[in-house]
Amino acid sequence: MLPEKLVQLAKERMAPYPCEGFLPGRGPKHPVLFFVGEAPGETEIHSLVPFSGRAGKELDLFLERAAVERSEIFISSAVRSRPYQYKTKQIRGETITKKYNRTPTKAEVLAHAPVLDYEIAQAEPEVLVTLGRIGWERITGSKEKITEVAGRLIEQPIQQLKSLEEDSFILSEKVYRIFPTYHPASVFYNPGLRPVIEEHAYKIRELLNR
């Protein structure tokens, strides 16, 4: 259960930005894997279930290949509200203006940093699995591209907010095991990544001796 103080602080800091809702992470107290995604989408923000949309089905396939149940993992994200932008499209001759998901900004990631820091500290996970570029950069602060690190187990400190009063990160004293992979939704735009992501799932299975 998240402290109400941290939830309210995140909501206050997000107020200037075009975002909606708030989705807490979900999972057991001490998960085998701790997943760090990007941000909830439209489906997740209404269902209040992380990865419950199309990308969620891809994540379930990943877990199946890794021989891991959802009940064993904690699912979180760098940003807990849905970042959106308005776009206008022509549909059957009618002009429709609608909210669409967008990539969160660095300011939005910072606004939610205390929440993710708290969840990781409480969970003490065996392995942090970052999903895509945003999750990778939030956890490590690394400028390495996800294509350069995906599929490798990395042991290093992680980024944590310096304090609730300061908008800057420092590295943790503790060293974590981090496994970066691609975001499950990436297969919708690049189907060629599917076998690569499958291979990553089997690597995690080996890592967990399953």
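This is a predicted model: local features need pLDDT of at least 70, side-chain atom pairs count only at pLDDT 80 or more; totals for chains, interfaces and linings use all residues.
1. Strand S1 and strand S4, the latter covering residues 82-91, run antiparallel to each other and are joined by two bridges. Within this pairing, Glu20 faces Arg82 of S4.

2. The S1-S4 pairing belongs to an open sheet of three strands, ordered S1-S4-S5 and paired in the antiparallel sense. Its edges are strand S1 (19-20) and strand S5 (94-101), each of which pairs on one side only.

3. The loop between S4 and S5 contains Arg92. Phi of Arg92 is near 50 degrees, which is a positive value in a residue other than glycine. Is Arg92 buried or exposed? Its relative accessible area is 83%, above the 50% cut-off, so Arg92 is exposed.

4. Tyr100 has charged neighbours over its ring. Lys87 lies over the face of Tyr100, with 5.8 Å to the ring centre. The charged end of Lys98 also sits over the ring of Tyr100, at 5.6 Å from the centre.

5. A separate pairing involves S2 and S3, which run parallel and share five bridges. Strand S2 spans residues 33-37 and strand S3 spans residues 73-77. In this pairing Phe35 is placed opposite Ile75 of S3.

6. How many residues of S3 are buried? Five of the five are, so S3 is largely enclosed by the rest of the structure. Side chains in a regular strand alternate between the two faces of the sheet. In S3, Ile73, Ile75 and Ser77 point one way, while Phe74 and Ser76 point the other way; all are buried.

7. The largest nonpolar core has 40 residues, and Leu33 and Phe35 are the members that touch the most others. Helix H3 (residues 54-66) supplies five residues, the largest share of this core. A second, separate core has seven residues, among them Met14, Cys19, Val109 and Ala111. As background, nonpolar side chains in soluble globular proteins tend to be buried together.

8. Phe35 deserves a separate look. Which residues does Phe35 contact, leaving aside its neighbours within four places in sequence? They are Leu59, Phe62, Leu63, Ile73, Phe74, Ile75, Ser76, Val129 and Leu131. Of these, Ile75 is also the residue that stands opposite Phe35 in S3.

9. There are three aromatic pairs in the structure. One of them is formed by Phe34 and Phe74: their ring centres are 4.9 Å apart and their planes meet at 10 degrees, so the pair is stacked. Phe34 is in S2 and Phe74 is in S3, and the pair links parts of the chain that are 40 residues apart. Phe34 counts as buried because its relative accessibility is 0%. Phe74, at 10%, also counts as buried.

10. Another pair is formed by Phe35 and Phe62. Why is this pair called edge-to-face? The ring planes stand at 85 degrees and the centres are 6.3 Å apart, so the pair falls into that class; the cut-off for edge-to-face is over 60 degrees. The pair joins S2, which holds Phe35, to helix H3, which holds Phe62, across 27 residues of the chain. Both Phe35 and Phe62 are buried.

11. The loop between H3 and S3 holds Ala67. Like Arg92, which has a positive phi, Ala67 is a residue other than glycine with a positive phi, here near 60 degrees. With a relative accessibility of 26%, Ala67 counts as partly exposed.

12. Ser186 is located in helix H8, which covers residues 186-189. Its relative accessible area is 15%, so Ser186 is buried. Apart from neighbours within four places in sequence, Ser186 is in contact with Leu193 and Ile197.

13. On annotation, UniProt lists residues 24-202 in an unreviewed entry as "domain: Uracil-DNA glycosylase-like". What are the helix and strand contents over residues 24-202? The chain there is 35% helix and 30% strand, and its end C-alpha atoms are 28 Å apart.

Notes: Residues are numbered from 1 along each chain as its sequence is written. Side-chain values use heavy atoms; hydrogens and water are left out. A nonpolar core is a set of buried Ala, Val, Leu, Ile, Met, Phe, Trp, Tyr and Cys residues joined through side-chain atoms within 4.5 Å. Buried means under 20% relative accessible area, exposed over 50%, partly exposed in between (1.4 Å probe, protein chains only). Helices (H or I, at least four residues) and strands (E, at least two) are DSSP runs, numbered from the N terminus. Contact means heavy atoms within 4.5 Å. Two strands pair if DSSP finds at least two bridges between them. Rings of Phe, Tyr and Trp (its six-membered ring) pair if their centres lie within 6.5 Å; planes under 30 degrees apart count as stacked, over 60 as edge-to-face and the rest as tilted. A charge sits over a ring if NZ of Lys or CZ of Arg is within 6 Å of the ring centre and within 35 degrees of the ring normal. UniProt positions are given in the numbering used here, feature names are shortened, and annotations may be inferred rather than shown by experiment.
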